[in-house]
Amino acid sequence: MSGKKTAGERNLMFFSGRAHPELADEVAANLAVEITPTALRDFANGEIYVRYLESVRGCDAFVMQSHTAPINKWIMEQLIMVDALKRASAKRITVIMPFFGYARQDKKGRGREPITARLMADMFKQAGADRLMSIDLHTSQIQGFFDGPVDHLFAMPVLINYLRGKLDPATTTIVSPDTGRVRLAERWSDSLGTPVAFIHKRRDLDVANQVKVHEVVGKVSGRTCVLIDDMIDTGGSICKAADALYEHGATDVIVAATHAVFSDPAVDRLKNSRISEVVVTNTLPIPEEKRFDSLTVMSIAPLIARAITEVFTDGSVTSLFEGDS
């Protein structure tokens, strides 16, 4: 029997889709449970079949899926897994999406556009989710799209613990790649004791993934700059930001991001850029062909496992971040 029970007979069961089995194995190992056996397969026409091979009645279910490419398939698989849990009488269903798919579409920039992040939240609520858990949402307002508790986890402690020993606060500046990340940059700054800078940029609304960097605000000349962001998709934005920092006198640029989406041609851009190191987490799978010498991948599994434990035992998820929520 997978999972584990508390003294009051509460039963934690951990489920995973097929998108990122390596991360699921790590989380299960940190929880000291087995992943609940599940039959997952595709029909000839692409439809997905799900069946749990153990009883889930009355359990506290945690179902994890990384929204990686092909993203629509894996989102649909997780929705079907949630529906199966609800119909099999799971007591509480927590959906874990380390990377929240469609999070960038969180508002209407122009007329006749969707707010797909809200649609995502609605679909999981309708499928039967009682709670959502995600890491470094594109914007915090997404928490309000779901009618229920949302655990917004931060990868910042994982990334900072790695970088702390490599940086001299006296010669380091934390840089936000846009005005939307300034608050996050300030939290990094408070933790490391460094100044903050940000880059003013303008996107081309008619061309996806196109960014024009305008100016750097803050002290970066003669300093090591740590560019922070929630994700790296095609790499165009982050590479242009790094170029802008070098043009303003930075001596070194390190990039720290949570989600390594790495859509083409991100890997080529990053490998050929002047960025000295790219530090990411494993919220999304990174195949060997998308790894390169200056890439460092940190595991997010211990953080997810601790958050699951806090939710299961009715503890405090906020305590994982020392009150920074």
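In which strand is Lys201 found? Lys201 lies in strand E10 (residues 196–203), where strands (E, at least two residues) and helices (H or I, at least four) are DSSP runs numbered from the N terminus. The model is predicted, so local features need pLDDT of at least 70 and side-chain atom pairs count only at pLDDT 80 or more, while totals for chains, interfaces and linings use all residues. Residues are numbered from 1 along each chain as its sequence is written, and side-chain values use heavy atoms, without hydrogens and water.

The UniProt annotation "active site", from an unreviewed entry, covers Lys201; UniProt positions follow the numbering used here, feature names are shortened, and annotations may be inferred rather than shown by experiment. Lys201 is buried, with a relative accessible area of 16% (buried means under 20%, exposed over 50%, partly exposed in between; 1.4 Å probe, protein chains only).

Helix H1 (residues 21–31) has the buried residues Leu23, Ala24, Val27, Ala28 and Leu31. Seen down the axis of H1, these fall within an arc of 135°, so they line one face of the helix; the arc is that of the directions from the helix axis to the C-beta atoms.

Strands E3 (residues 38–42) and E4 (residues 48–52) pair in the antiparallel sense over five bridges, pairing requiring at least two DSSP bridges between two strands. Ala39 stands opposite Arg51 in E4.

| Residue | Location | Phi |
|---|---|---|
| Ala32 | just after H1 | about 60° |
| Gly46 | hairpin of E3 and E4, five residues between the strands | near 95° |
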